Amino acid sequence: MSPATLVEITSLNIKFGASKVIDNVSMTLKQGEITTLIGPNGAGKTTLVKAVLGLLSPTDGVIKRSPTLRIGYMPQKLQIDATFPLTVERFLKTAAFASAEDRLQALQSVRAEALLKQSVHSLSGGEMQRVLLARALLRKPELLVLDEPAQGVDINGQIELYNLIASIRDRYNCSVLMISHDLHLVMAATDQVICLNRHICCSGHPEQVSTDPSYIELFGVPGAENLALYSHHHNHQHNEHGDIVPLEEAAEHDHSHCGGHH
Ligand SMILES: Nc1ncnc2c1ncn2[C@@H]1O[C@H](COP(=O)(O)OP(=O)(O)OP(=O)(O)O)[C@@H](O)[C@H]1O
């Protein structure tokens, strides 16, 4: 593994019983790069992330991590007992051994320092996501793993959050692996998009969209300037059993063929 490589996955297969959920996946996470996993429901995105985190063992294949890799993880959702009084400060204290200065710095990184003394139960969806992000940053991670970070956040908040993730990457020079359903919101700063449907359907760089009138109409000019559309086409489709069926040349540009919303 080269020094800039944090995680190298080779020919990964994961089965649950007879069902193969991850099928021959190979990918590399490099320092300073943002990788976005997209794919339909049940495509294996969370399973792949769990394997990267070391929470699931491969049925087959190899996952190499740099030996001292520090990972910060932001879960999709965190259930907090609503009757339990908990300020943001206390919530962060329970998460990792960190100094008061580190906690404040982590909150400042996500522009949420004003929330320190606020109850976690009174946070908006976007504020909660930023606090969860701050919590993941307390470990000073080299790899930040985010499971649908923009879930439950309104559209403007989502754009802000994706921009924030890019600025965190720049500031910490960490690698980011995130799951997103928002293909149209996969921001310009994403270096690598992996389209997963148990196997990797396709992967590559997102392409910038800044002048598309429908994006400007939807998100406004500042948002549209930061948006990227990952334009790609697949050379296969899936039948009802999930098996790969090669596409006719003529149909190659149809985005719907890998199945699901991505
Ligand atoms: N522990 C498990 N035991 C058995 N099957 C599982 C287990 N975990 C996940 N699965 C199955 O593996 C498949 C992939 O699940 P996974 O959660 O990885 O998909 P996903 O792409 O993250 O989906 P979503 O977008 O809906 O969150 C699903 O069919 C799921 O039911």
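What we have here is a predicted model, in which local features need pLDDT of at least 70 and side-chain atom pairs count only at pLDDT 80 or more, while totals for chains, interfaces and linings use all residues. Residues are numbered from 1 along each chain as its sequence is written.

Let me start with the chain, which holds six helices and 13 strands, these being DSSP runs numbered from the N terminus, with helices (H or I) of at least four residues and strands (E) of at least two. Of its 262 residues, 35% are buried, that is, they have 20 or more other C-beta atoms, placed from the backbone, within 10 Å of their own.

Now to the ligand: around it stand F16, V21, G39, N41, G42, A43, G44, K45, T46 and T47, each with its C-beta atom, placed from the backbone, within 6 Å of the molecule. By class, this shell has three nonpolar, six polar and one charged residues, and helix 1, residues 45-53, contributes the most to it, with three residues.

Finally, consider helix 2 (residues 88-95) and helix 4 (residues 125-137), whose axes come within 9 Å and cross at roughly 35°, the axes being lines fitted to C-alpha atoms over the stretch in contact, with angles from 0 to 180 degrees between N-to-C directions. Their contact (C-beta atoms, placed from the backbone, within 7 Å) is made by V88, F91, L92 and A95 of helix 2 and by V131, A134 and R135 of helix 4.

Definitions and conventions. Ala, Val, Leu, Ile, Met, Phe, Trp, Tyr, Cys and Pro count as nonpolar, Asp, Glu, Lys and Arg as charged, and the others, Gly among them, as polar. A residue is buried if 20 or more other C-beta atoms lie within 10 Å of its own, exposed if 12 or fewer, and partly exposed in between; C-beta atoms are placed from the backbone. Two residues are in contact if their C-beta atoms, placed from the backbone, lie within 7 Å.
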